[in-house]
Amino acid sequence: MSEPTLEPQTGPKPATAFVVKSGDARKLLVAGQALHMLAGTAQTNGAYGAVICESVHDKRPIPLHYHDREHDTWLCLRGRLQVWANDSARVLTEGDFAYVQPGDVHSYQCVAPLTRFFGIVAPGGWEGFFDMAGEPWEGNGLPELDHPYDFSKMGPAMGKFDVHPVQQDFAPVANGDATDRVLPEGPASYVLQAGQGARYRFDGHLATVMLNGAISAGALDMVTLEAGRGAAMPALRHATTHVCAYLMDGALELVLDGETHLLHAGDFANIPAGTAYATRVVSGSARWVLTGGNGNGVSLWSRIGTATDVTSYQARSGLLASEAVSVAALEGVDAALV
Ligand SMILES: O=C(Oc1cc(O)cc(O)c1C(=O)O)c1ccc(O)c(O)c1
């Protein structure tokens with residue numbers, strides 16, 4: 001398995017399986033925010049770009065804008081992240097998620113000290129915006145609030161990367177309501193509060209669907225998984241779906257293409273289509289997010305699991321991991337037991 005090459009992406013390169021340990025990704029400074037470039041279009045076969053974004057505290061929101069084709073997501077990991085979408089605004093805290101569909105006007109601002117989010121933008125390629133608008137950031141920690149930033153790069157980058165600024169007022173922020181606790185049934189921009197969404201239990205795991213293909217027109221599936229020590233998934237492989245995993249809490253053993261990795265909070269794994277991968281929780285509990293693009297492979301969780309109202313994972317079945325997955329349940333899903 002090769003090491004990640006997260007240099008600016010200039011052309012297609014084959015996607016490889018790799019792990020990026022917390023803090024080891026290439027970093028860019030864009031308008032006071034530090035972007036950790038986890039995977040780009042070359043590593044994901046065009047499916048999406050994956051970043052961690054952190055800020056000491058943004059002075060102002062990103063200008064209101066829309067994209068013709070990009071799907072934007074924010075999963076708040078720490079602090080307070082204000083997100084505007086069309087005529088509404090919410091403050092996200094840890095575990096809250098927001099999705100904005102192409103064409104919808106949006107913005108965001110990190111509004112508490114040291115706010116951090118995991119972001120996926122689909123399809124891949126848009127993350128080149130950060131290379132064009134930003135500068136390399138080698139520092140540990142974050143830039144000071146008054147760190148200089150050359151704003152002259154922002155306009156050309158917006159012009160090149162499908163960012164259409166919109167002159168309108170920022171909506172006032174409102175508290176979340178019941179609509180923030182359910183997934184929309186079709187294409188729509190929305191906020192989903194932590195732990196809400198469609199939940200499924202599967203052999204000691206609790207899977208919470210944050211985004212699915214019905215909402216994102218097939219572009220993305222995102223699922224948060226939580227499980228206790230010993231919970232295991234058998235080796236699976238997707239024919240077309242590109243998957244990545246980002247660990248939020250605990251420790252997870254990941255067997256990736258036959259190589260065993262121990263992931264801790266903040267670690268990221270890139271899992272291209274065709275790569276066999278299996279997971280086992282090796283701490284008291286663990287929580288991670290799986291993102292799938294270029295296919296519906298990550299939707300397997302809503303197919304093999306049992307829909308539930310409970311909000312925590314349950315005991316394991318005691319079956320071998322490979323016996324717990326019903327092959328029939330995978331029909332129509334881009335996932336196969338290895
Ligand atoms: O960083 C994201 O977006 C932007 C940041 C800027 O400094 C200027 C911009 O115009 C944008 C933009 O969205 O166009 C970003 C990062 C991560 C993520 O998941 C996103 O959805 C957006």
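Student: Which residues come nearest to the ligand?

Tutor: A residue counts as near a molecule or strand if its C-beta atom, placed from the backbone, lies within 6 Å of it. Here 14 residues are around the ligand, and A31, I62, D72, G119 and V163 come nearest. Keep in mind that this is a predicted model: local features need pLDDT of at least 70, side-chain atom pairs count only at pLDDT 80 or more, and totals for chains, interfaces and linings use all residues. Residues are numbered from 1 along each chain as its sequence is written.

Student: How many residues of each class does that shell have?

Tutor: Ala, Val, Leu, Ile, Met, Phe, Trp, Tyr, Cys and Pro go down as nonpolar, Asp, Glu, Lys and Arg as charged, and the others, Gly among them, as polar. On that basis, the shell around the ligand has ten nonpolar, three polar and one charged residues.

Student: Which strands each supply at least two residues of the shell?

Tutor: Strands (E, at least two residues) and helices (H or I, at least four) are DSSP runs, numbered from the N terminus. For this ligand, β4 (49–55), β6 (71–78) and β11 (115–122) each supply at least two shell residues. The whole protein has four helices and 26 strands.

Student: What is the strand order in the open sheet?

Tutor: Strands of a sheet pair through backbone hydrogen bonds, either parallel or antiparallel. Two strands are called paired if DSSP finds at least two bridges between them. In this open sheet of eight strands, the order runs β12-β2-β3-β4-β11-β6-β9-β14, with antiparallel pairing. At the edges stand β12 (135–136) and β14 (190–192), each with a single partner strand, so one side of each has no neighbour in the sheet. For a close-up, take β3 (residues 33–39), which pairs with β4 in the antiparallel sense over six bridges; L35 has C53 in β4 as its bridge partner.

Student: Where does UniProt place the "domain: Cupin type-2"?

Tutor: UniProt positions use the numbering used here, feature names are shortened, and annotations may be inferred rather than shown by experiment. The unreviewed UniProt entry lists residues 62–110 and 225–289 for that domain. In the model, residues 62–110 are 0% helix and 59% strand, with end C-alpha atoms 10 Å apart. For residues 225–289, the figures are 0% helix, 68% strand and 6 Å between the end C-alpha atoms.

Student: What is the mean pLDDT of the protein?

Tutor: pLDDT is the predictor's confidence in each residue, from 0 to 100. The protein's mean is 93, and 96% of its residues reach 70 or more.
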